[in-house]
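Please look over the sequence and the structure below before reading on.

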Amino acid sequence: MNLKILLIAITFIPALSNVNAQISKAEIVATGLTCSMCSNAINKQLKSLTEVDSVVIDLNTNTFVVHLKKDNKVSPRILKERVEKAGFFVGSMIINMSFENVEVSDNYKFEKDGFSMVFVETKAKTLDGENKVKIMDKGFVTNKEFKKLSKSLSKYPTYIEGNEDDYHVKVMVP
Amino acid sequence: MKAIILMLATCIINSLNAQELFVVTDPASNVPAGSVSVRLSNSLFKEIFEDGYNYHLMPEITWGISGKLMVRASGFVSNRSNTLYAEGGSIFTKYRFFSMDDLHSHFRMAAFGRYSFNRADIHQEQIEIMGHNTGFETGIVATQLIKKVAISSTLSFEKALNNRPDYDFPSDQSSHASNYTLSIGRLMHPNKYTSFKQTNVNLMLEFVGQTLNENGKTYIDVVPSVQFIIHSQGRIDIGYRKELYSNMLRTAPDGVYLNFEYTFFNVTN
């Protein structure tokens with residue numbers, strides 16, 4: 001094995017921990033549509049999930065704010081699949097999560113309900129309360145954006161691996 | 001005539017939207033997974049060689065098996081034999097194999113196939129398996145959507161077979177054809193969406209052509225139409241079809257369309 005790759009891999013083995021973090025809301029921008037019947041198809045798909053409390057839609061920007069019920073186990077992938085079933089794609093997904101004094105840093109990883117989150121391009125800080133994180137993975141950004149990200153995030157080995165249960169997230173500045 | 005005016009009036013009161021949902025062609029996009037839509041298509045075409053009009057009624061049901069695959073079953077009823085007569089049916093499937101989507105645009109491609117049976121008499125050189133001939137059609141469609149405008153083009157091969165049991169396909173006619181279409185649709189109203197209940201209005205212009213492969217005979221039609229989308233779930237199309245050029249035998253090339261469609265979402269999810 002190439003020593004350099006090995007060294008990089010070792011440097012970037014993320015800290016793994018179980019964290020109490022709950023997704024309360026997801027803000028999804030869907031791509032490839034401009035008609036209200038198309039938006040309605042996505043709307044109906046999202047609402048058919050039992051964990052969804054309500055969906056607030058901006059038809060002009062194709063933004064779907066999905067409010068989730070308490071103690072749900074919805075993963076971002078489930079929401080993405082719903083948009084795709086309607087025949088469209090996710091152009092952006094920002095999720096609201098509540099954290100309890102979680103110290104995050106670059107490449108920090110935690111596991112939750114069968115999936116994991118890796119923080120990318122993140123400075124060390126403590127997250128407490130509700131925070132917004134943007135999912136950077138393929139299928140959660142536009143194709144154009146993914147092309148750029150696969151270069152800029154290439155230092156994160158799990159990002160390149162593209163495991164569908166590893167989400168790479170960036171904390172949004174409020 | 002009263003009935004037509006009443007139907008038109010009903011159309012104008014109601015309405016719907018989607019600039020890709022063309023009247024005489026299908027876009028590369030499919031219906032949503034798990035949805036079932038029911039359509040009632042009516043067309044009234046003027047006979048050239050005799051008095052009167054040729055009325056076709058086409059009930060259709062479309063099901064989205066997945067986000068990429070859909071199937072549709074159609075029935076054909078017409079008054080060509082002077083009374084309403086069930087002449088045949090059709091099964092259609094479309095698979096979207098390519099998508100390149102961006103925020104307010106997409107480019108998509110799909111492949112489709114259709115098989116139809118029909119027991120009516122064969123009375124023209126034009127091959128039309130939607131309501132006239134037994135046969136099959138297979139082709140590809142590419143659709144580009146940019147903001148409020150959709151442009152779509154179809155290329156297909158269509159083959160006519162015998163209209164069993166009574167009418168064999170005439171041996172002196174070309175039994176297969178190449179079809180090509182170009183459709184443009186634009187969302188006219190609203191400028192800004194406020195709710196799903198808003199009526200949307202789309203204007204469409206479609207060009208439909210056919211060349212018979214064995215003798216090169218060709219027709220080209222233009223179909224302008226207006227479409228209303230109601231409550232983001234229902235749809236009404238009013239279209240007019242006019243022959244621009246033809247050197248083949250067609251018995252009723254010009255006429256009007258009036259289609260009603262309603263989509264039930266998440267029926268099989």
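Does Asp101(B) count as buried or exposed? In this predicted model, Asp101(B) counts as buried because 21 C-beta neighbours lie inside 10 Å, where the cut-off for that class is 20 or more. The residue belongs to strand 4 of chain B, which runs over residues 85–102. Leaving out residues up to four places away in sequence, Asp101(B) touches His106(B) in its own chain and, in chain A, Thr31(A), Gly32(A), Phe88(A) and Phe89(A). Asp101(B) and Leu145(B), although 44 residues apart in sequence, have C-alpha atoms 9.2 Å apart in space.

From this residue one can turn to the contact between the two chains, to which chain A brings 24 residues and chain B brings 32 residues. On the side of chain A that touches chain B, the elements giving two or more residues are helix 2, helix 3, strand 5 and helix 4 (143–152), and helix 2 gives the most, with 7 residues. Sorted by class, this side of chain A has 12 polar, 8 nonpolar and 4 charged residues. For the complex, the predictor gives an ipTM of 0.81 and a pTM of 0.85.

Helix 2 of chain A covers residues 36–47, and its 12 residues reach 16 Å from the first C-alpha to the last, close to the 16 Å expected at 1.5 Å a residue. The helix is mostly covered, with 11 of its 12 residues buried, among them Ser36(A), Asn40(A), Ile42(A) and Lys44(A). The cover over these buried residues comes from both chains: it includes strand 2 (22–31), strand 3 (52–58), strand 4 (63–68) and helix 3 (76–85) of chain A, together with strand 9 (200–212) and strand 10 (218–230) of chain B.

Ile42(A) leads on to the largest nonpolar core, which has 50 residues; those that touch the most other members are Ile28(A), Ala30(A), Ile42(A), Val66(A), Val83(A), Phe88(A) and Met93(A). Strand 5 of chain A (residues 89–104) supplies the largest share of this core, with 7 residues. Setting aside neighbours within four places in sequence, Met93(A) is in contact with Ala26(A), Ile28(A), Pro76(A), Leu79(A), Ile135(A) and Phe140(A).

Chain B averages a pLDDT of 91, and 93% of the residues score at least 70. Over residues 5–17 of chain B, however, the pLDDT is below 50, although this stretch has 33 contacts in the model beyond near neighbours in sequence. Where pLDDT is low, the predicted coordinates should not be read in detail.

Definitions and conventions. Residues are numbered from 1 along each chain as its sequence is written. Chains are lettered from A and ligands numbered from 1 in the order in which they are written. This is a predicted model: local features need pLDDT of at least 70, side-chain atom pairs count only at pLDDT 80 or more; totals for chains, interfaces and linings use all residues. A nonpolar core is a set of buried Ala, Val, Leu, Ile, Met, Phe, Trp, Tyr and Cys residues joined through C-beta atoms within 7 Å. Helices (H or I, at least four residues) and strands (E, at least two) are DSSP runs, numbered from the N terminus. Two residues are in contact if their C-beta atoms, placed from the backbone, lie within 7 Å. The expected span of a helix is 1.5 Å times one less than its number of residues. pLDDT is the predictor's confidence in each residue, from 0 to 100. Ala, Val, Leu, Ile, Met, Phe, Trp, Tyr, Cys and Pro count as nonpolar, Asp, Glu, Lys and Arg as charged, and the others, Gly among them, as polar.
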